[in-house]
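Here is a short briefing on pockets and loops. Look over the structure first, then read on.

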Amino acid sequence: MSRLDDLRRVEEAITRIGRISMGREAARIRAERAGLSLSRPAIAILSALHKAGPIRLSSLARLADLEAPLISREIRDLSEGGYVFRRADPTDGRAGIVELTPQGEVAYEAYRGATDEIIAQTFAEWSGTDLRSLRDQLERVADDFARPPAPTGRAASGRPNGRHGRVVRAG
């Protein structure tokens with residue numbers, strides 16, 4: 001098997017893990033175990049607020065990786081459900097600040113606990129050494145993915161600059 005084949009299999013495995021772990025079914029199972037009936041975007045918002053604390057809606061949208069119209073609708077629903085509190089930004093009355101209520105914190109912790117249980121079940125047969133090795137490798141992968149890719153030699157047009165669509169490398 002070539003290095004390219006190995007790299008493709010790594011990318012496919014990462015994509016598959018992401019689809020499984022972030023998919024609707026996984027979110028439904030975690031929410032059900034946590035005793036919650038909240039949407040995936042709502043859970044993303046609770047998680048972001050748990051990590052960030054009180055935050056402006058615009059920053060929350062970026063942190064939760066959700067579009068502004070969806071954030072507004074979810075915040076309205078979460079506020080009506082007692083999970084978040086929204087108030088005007090004291091430095092700019094046009095902007096809103098959102099924070100978790102005690103009920104929102106309990107909901108987040110329940111969801112987090114359900115997720116922890118599922119992860120513990122998934123890796124129940126792995127040794128501590130295997131888990132630490134996996135953790136270290138996954139953290140390395142995450143760090144490497146977080147770095148922007150190196151330039152490929154593509155022209156400003158975004159097309160390869162070699163003949164037949166090949167990228168020409170210097171030196």
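In which loop is the place of Leu36? Leu36 sits between α2 (24-34) and α3 (40-52). The model is predicted.

**Loop residues**
- Leu36 is buried, because its relative accessible area is 16%, and buried means under 20%.
- Leu36 touches Ala31, Ile43, Ala107 and Tyr111, leaving aside residues up to four places away in sequence.
- The C-alpha atoms of Leu36 and Ala110 are 8.3 Å apart, although 74 residues separate the two along the chain.
- Asp65 lies in the loop between α4 (57-64) and α5 (68-80).
- Asp65 counts as exposed because its relative accessibility is 69%, and exposed means over 50%.
- Asp65 is not a glycine, yet has a positive phi of about 55 degrees.

**Largest pocket**
- The volume of the largest pocket is about 1,500 Å³.
- Its lining has 40 residues, of which Ser21, Met22, Arg30, Thr115 and Ile119 are the closest to the centre.
- Two or more lining residues come from each of α1 (3-22), α2, α3, α4, α6 (102-122) and α7 (128-146).
- By class, this lining holds 26 nonpolar, six polar and eight charged residues.

**Second largest pocket**
- The second largest pocket holds about 370 Å³ of space.
- It is lined by 13 residues, and Asp6, Leu7, Val10, Glu11 and Phe145 are the closest to its centre.
- α1 and α7 each give at least two residues to this lining.
- α1 gives the most, with eight residues.
- The classes here are six nonpolar, one polar and six charged residues.

Key
Residues numbered from 1 in each chain as written. Predicted model: local features only at pLDDT ≥ 70, side-chain atom pairs only at ≥ 80, totals over all residues. Heavy atoms only, no water. Helix = DSSP H or I, 4+ residues; strand = E, 2+ residues; numbered from the N terminus. Buried < 20%, exposed > 50% of the residue type's maximum accessible area, 1.4 Å probe, protein only. Contact = heavy atoms within 4.5 Å. 1 Å grid on protein atoms, 1.4 Å probe; cavity = no way out; pocket = protein on both sides within 12 Å on 5 of 7 lines; lining within 4 Å. Points joined across faces, edges and corners; volume = space filled by probe spheres on them. Nonpolar A, V, L, I, M, F, W, Y, C, P; charged D, E, K, R; others polar.
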